[in-house]
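I'm opening my notebook to go through this structure one topic at a time. I'll jot down what I looked up and what came back.

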Amino acid sequence: MIAGIPDSDFSVDVHAQGAAQVVVVRGEVDIATADAVRAELHGAFERKATVVLDLREVAFMDTQGLAVVIEAERAAANDGTRFVVARAPDQVHRLFDMIGLTPRLTIVADPAAADS
Amino acid sequence: VNDLRDAAARLSTPREVGPSWVATAIALATVAALTVLDASWDEVISSTVVIAPFIAALFASSRQTAFVAVVAAASALLSWIWNDNFGAADYLVRAGIVVLGGVFAVLAARTREGAGRAEALGAQLTAALSNLAEAVVVQDREQRLVYANEAAAQTLGFGSVRALLTAPTEEVRDLSDFYNEDGSPLMPEQYPSRRVLRGEDPPPLRMRVIDRATGTERWRVTKARGARDGRGETRLVVTVIEDITEQKRAELAQRLLARAGAALSSSLNYERTLQEVADLAVPELADWCGVSIPNRHGLIEQVAVAHSDPDKVAFARRLGERYPSRVSDEGGAAQVLRDGMSQLIPEIPQELLEEAAVDAEHLELVRSIGIRSGIVVPMTAASGRPIGVLSLVDAESGRVFSEADLELCEELGRRAGIAVENARLYTERTMIAHTLQRALLPPALPDIAGFSLSALYRPAGEENWVGGDFYDAFAVRDGWVAVVGDVAGRGAQAASLTAFARHVFRTAAQLHDDPLDAVAYLNRQLYDRPGQALCTVCCVHLRASGAAAEATVVCAGHPLPYAVRQAGAAEMVGGWGTMLGAWPQGGWSRTTTTLEPGDVLVLYTDGVTDASGAEDRFGEDRLRAALAESRDAEDALRRIADGLADFEEGEQADDTAALAIARTEPAAGTAPRDQLDSAA
């Protein structure tokens, strides 16, 4: 464990929602946890479904976490998969604005709206 | 234990003739005698009835039996007296015979019982002792052996108990050499039997015994107790000798391997570690232990040597230096290094020493060690390749190595080999990493007239000198550019990307007048790299403008810098822009601000704001508060460092970099153009 903050409240789960694969991330996404999110997203893309990344309960994200989202966005753009992000809380969403990621993403407030 | 149980079972069956059989035999004999004497049937029957119980009592083995016999005889006599017509004198004689017979019978029974008990006890003891797995010897006051069991004869190296009992004491002693547990020779006066004779009560003694003829090593525990007579004087000494060689071997192996494992994993300095391992092996496993590793010059270098006597260690070192082994040598360590097969030579013949010696002097020196037995095992790397050898020698102890010793040494060699390999790999890789990192480290900040610059750089991780954060400051055509950046990723991959980003940005900024062009160029370069190469930068283009300076800030996916004006509050400067390397195009903006003398501009990476405290992250608010009232570049960075030190909990998770730029008094007569030329 490299990060100084305990990641006990971090979790990543995947479930199907209609034709979509929903990857739900909770807690902090940093150097210690980014790989777990990357792996789940990779699996979701493999299934060729719409992929929803639910970040509503992400408390913190660093460069490593942002890199995972960018990678997913690029992967979706490359193979034509629909990639939707359920909006992160403001302090994390601000990072998306800061690095110019927001305009490149389909962002929804509620993952249930992602099917349509 | 089983032997004892067998003995006990045998002893519980008494060896005695049954009184009923004796009585029957005597009765029949009496009948025969009286018949011959032509006695009447009455006399025959009555005599038999009276005499038989007496005779039976004589042979009875216990007091109870005799008593019963006498009572039976008495009652028989009474009935006889009443029913007969003998005279009074006859009655008296008969009564006298009966009483005397009874007394004799009782006495005989008691004696018999006592003798029987002693005999049975003796038999019991003998049977018990002779069946004991432990050797038992009994000595008298003059230390002569008066008793020894089978195990004792065997333990002391004699074919039979008789041979042992008839052998002179010196002969028994001279068959072996005796040592204490610590390896020192055992003196005869230390023997427990001698101490008992001196009136002491010695504790059990553990000793190492080496058979002089075969060199076999055994371990024994000896316990002695005295047998005293009525006056309290020790008449006999009973000594019990238990062989604990197997137990001792297992203990030694376990302890040696555990300690060696601990030593081997404790340090990456393998030469010191190997010396520790060699020290562990003496004197219990061997008299000498040495570790040799081939070097690049083809010599087999003795990196460790151990003996309980330091003078002998020094001698061996000198010998090794004077007559070094070579990997090209035949046999010995070189052979083991070549084929990885361990060697056990229980008895080293003189010819072998002669063969191995370089010259007469060498032979003499080697002979002076008195080598008797030797083991050479490879130290093997994880791949099975021998990377060194472990040599063990038995000399002055007279001990000879066994197969069990060889197995233990082989295991020791395997463990040492893996530890050495790991230590070497680690050392080599650390050296390579440090060499590379040194080349990647941020350069010393240049002296810029009219500005003062200060940098903070803290890569995360112990062996890490270079992280994903970087800073740089360099001259451009019309001024200076300062930059702070952060690449995504970790380890060597991040370090190489950091170096790439720094160099590309420096070149681009020097070629393009507009920092926006430099940022766009770096973005393209990163985007075109295979894989994902993400980077954020914040750069400032500095130009003197009278006493003040103009600072043009461009941020690409990076937190905005703070300006502290005249030691006042810290305020953010600039606007956000697209992270570099993620997409082919992006949007970036220029913000130009004026830096008056005394103003400080602080660029930093998210390692500062993301630093973890007990409950939350350092964050922008704490950073802004820490920077307030910064008087100059150094002061600003000190405030950040102090703020982080107070706030942070646990290990630093992320790389941290910050660069502070303060406008000082403008430099007189120094044109930016000249600075570029001098820097170029």
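Over the ring of which residue does the charged end of Arg208(B) sit? I looked it up: the ring belongs to Tyr179(B), and the charged end of Arg208(B) is 4.9 Å from the ring's centre. A note to myself before I go on: this is a predicted model.

The charged end of Arg617(B) sits over the ring of Phe60(A), 3.5 Å from the ring's centre.

**Aromatic pairs**

Next I looked up rings that pair with rings. I got five aromatic pairs over all chains. One of them is Tyr457(B) with Tyr471(B), an edge-to-face pair with 6.0 Å between the centres and 75 degrees between the planes. Tyr457(B) belongs to strand S13 (residues 451–458) of chain B and Tyr471(B) to strand S14 (residues 469–476) of chain B, so this pair ties together parts that are 14 residues apart in sequence. I checked how open each partner is. Tyr457(B) has a relative accessible area of 21%, so I wrote it down as partly exposed, while Tyr471(B), at 10%, counts as buried.

I then took the pair Tyr562(B) and Tyr604(B), which is stacked, with 6.0 Å centre to centre and 20 degrees between the planes. Tyr562(B) is in strand S18 (residues 562–564) of chain B and Tyr604(B) is in strand S21 (residues 600–604) of chain B; the pair links distant parts of the chain, 42 residues apart. Are these two buried or exposed? Tyr562(B) is buried at 0% relative accessibility, and Tyr604(B) is buried at 2%.

**Largest pocket**

I looked up the largest pocket and noted a volume of about 1,400 Å³. It is lined by 42 residues, and the closest to its centre are Ser325(B), Gly332(B), Ala333(B), Ala356(B) and Ile371(B). Which strand gives the most to the lining? That's strand S7 (residues 288–294) of chain B, with five residues. I sorted the lining by type and got 26 nonpolar, eleven polar and five charged residues.

**Largest nonpolar core**

My last entry is on the largest nonpolar core, which has 37 residues. Among those with the most contacts inside it I listed Val25(A), Leu41(A), Phe83(A) and Phe96(A). I also noted which elements of chain A give two or more residues to this core, including strand S2 (20–29), helix H1 (34–46) and strand S3 (50–61). The largest share comes from H2(A), with seven residues.

Technical notes. Residues are numbered from 1 along each chain as its sequence is written. Chains are lettered from A and ligands numbered from 1 in the order in which they are written. This is a predicted model: local features need pLDDT of at least 70, side-chain atom pairs count only at pLDDT 80 or more; totals for chains, interfaces and linings use all residues. Side-chain values use heavy atoms; hydrogens and water are left out. Rings of Phe, Tyr and Trp (its six-membered ring) pair if their centres lie within 6.5 Å; planes under 30 degrees apart count as stacked, over 60 as edge-to-face and the rest as tilted. Helices (H or I, at least four residues) and strands (E, at least two) are DSSP runs, numbered from the N terminus. Buried means under 20% relative accessible area, exposed over 50%, partly exposed in between (1.4 Å probe, protein chains only). A charge sits over a ring if NZ of Lys or CZ of Arg is within 6 Å of the ring centre and within 35 degrees of the ring normal. On a 1 Å grid over the protein atoms alone, a cavity is a set of points where a 1.4 Å probe fits but cannot get out, and a pocket is an open set with protein on both sides within 12 Å along at least five of seven lines; lining residues have an atom within 4 Å of a point. Grid points are joined across faces, edges and corners, and a volume is the space filled by probe spheres set on the points. Ala, Val, Leu, Ile, Met, Phe, Trp, Tyr, Cys and Pro count as nonpolar, Asp, Glu, Lys and Arg as charged, and the others, Gly among them, as polar. A nonpolar core is a set of buried Ala, Val, Leu, Ile, Met, Phe, Trp, Tyr and Cys residues joined through side-chain atoms within 4.5 Å.
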